[in-house]
Amino acid sequence: CWLGLSTLLQHYPFLKITEDEQLPASSAEFRSVALEAIFADPQYVDCLENNLQLWLQLEYDTLLQIEDFFLLPQTFQEHLIMLSQQMRAGGAPPDSSNLVTRYQNALRMKQHINGRDVYEPLGQLEMQTLCELYQVRLQLMKTESLTGMGPVDDLDPRTISPKHILDQNPAFRRVVRLLNVNTNHYMVHLPVPMPESQE
């Protein structure tokens, strides 16, 4: 999201929220700043608590089908599964604030793999909150939804059918369109922004 938004504002500075709006200089710094802003959002915290409480009540097989849970670090998955089993055995529900903190710390974790710093993917709730905080309309096309449309590397996101696009916050004018070609690799294409007169 940082690459798309920073490039968009470089080409179309009139889309800045404020005249002096400046994004962090790197994707890692942007992620860190954005995460702290997300974690400070009361509505996000409430939704996260509700999600975690729901996960604790789900059967193990069902839980593993939830992408946001499946992508979390294994240690956090195991901790949540253990708490769920304890509750089913008659134990008291865990402290929700402690569970939220553990979840947020998992998203802050940085790993060094094959010479690169990598982070846990942000979940749907985090991406939705990020887009609202930065007033971004995010259009994401996942590789698996494009099966049968030819070589993925040759696809131009601007030509992809809307039915293959996850469109978040369509009311916002700052549009970032991403094609997930391979794991942790994105192609960024800039759509023409709406003229200011169409606000």
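Predicted model: local features only at pLDDT ≥ 70, side-chain atom pairs only at ≥ 80, totals over all residues.
At what angle do helix H2 (residues 27-39) and H7 pack, and how far apart are their axes?

1. **H2 against H7.** The two helices pack at an angle of about 165°, and their axes are 11 Å apart. Angles over 145 degrees count as roughly antiparallel, and H2 and H7 are therefore roughly antiparallel to each other. The crossing of H2 past H7 is right-handed. On the H2 side, Arg 31, Leu 35, Glu 36 and Phe 39 take part, and they meet Gln 104, Leu 107 and Arg 108 of H7. By type, the residues of this contact are three nonpolar, one polar and three charged.

2. Gln 104 lies in helix H7. Is Gln 104 buried or exposed? Its relative accessibility is 9%, so Gln 104 counts as buried. Setting aside residues up to four places away in sequence, Gln 104 touches Phe 39, Tyr 44 and Leu 48.

3. **H6 against H7.** H7 has another partner to look at. The axes of H6 and H7 cross at roughly 160° and come within 11 Å. That angle makes H6 roughly antiparallel to H7. H6 passes H7 in a left-handed crossing, whereas H2 passes H7 in a right-handed one.

4. **Who makes the H6 and H7 contact.** From H6 come Phe 76, His 79, Leu 80 and Leu 83, and from H7 come Leu 99, Arg 102 and Tyr 103. This set divides into five nonpolar residues, one polar and one charged.

5. **The length of H6.** Just after H6, Gly 90 has a positive phi of about 105°.

6. **The buried face of H6.** Which residues of H6 are buried? They are Phe 76, Gln 77, His 79, Leu 80, Ile 81, Leu 83 and Ser 84.

7. **Ser 84 up close.** Ser 84, in helix H6, has 6% relative accessibility and so counts as buried. Apart from residues up to four places away in sequence, Ser 84 touches Leu 56 and Leu 58.

8. **Met 109, between helix and strand.** Met 109 sits in the loop between helix H7 (96-108) and strand E1 (110-113). With a relative accessible area of 37%, Met 109 is partly exposed. Beyond its neighbours within four places in sequence, Met 109 is in contact with Pro 73, Val 118, Tyr 119 and Glu 120.

9. **Stepping back.** The protein chain has eight helices and six strands. From the N terminus, the elements run α-α-α-α-α-α-α-β-β-α-β-β-β-β. Of its 199 residues, 37% count as buried. Among contacts in the chain with a separation of 6 or more, 66% come from residues 24 or more positions apart.

Conventions: Residues numbered from 1 in each chain as written. Heavy atoms only, no water. Helix = DSSP H or I, 4+ residues; strand = E, 2+ residues; numbered from the N terminus. Buried < 20%, exposed > 50% of the residue type's maximum accessible area, 1.4 Å probe, protein only. Contact = heavy atoms within 4.5 Å. Axes fitted to C-alpha atoms, helices over the stretch in contact; angles between N-to-C directions. Parallel < 35°, antiparallel > 145°, perpendicular 65-115°, else oblique. Left-handed = near helix turned anticlockwise from the far one by under 90°. Nonpolar A, V, L, I, M, F, W, Y, C, P; charged D, E, K, R; others polar.
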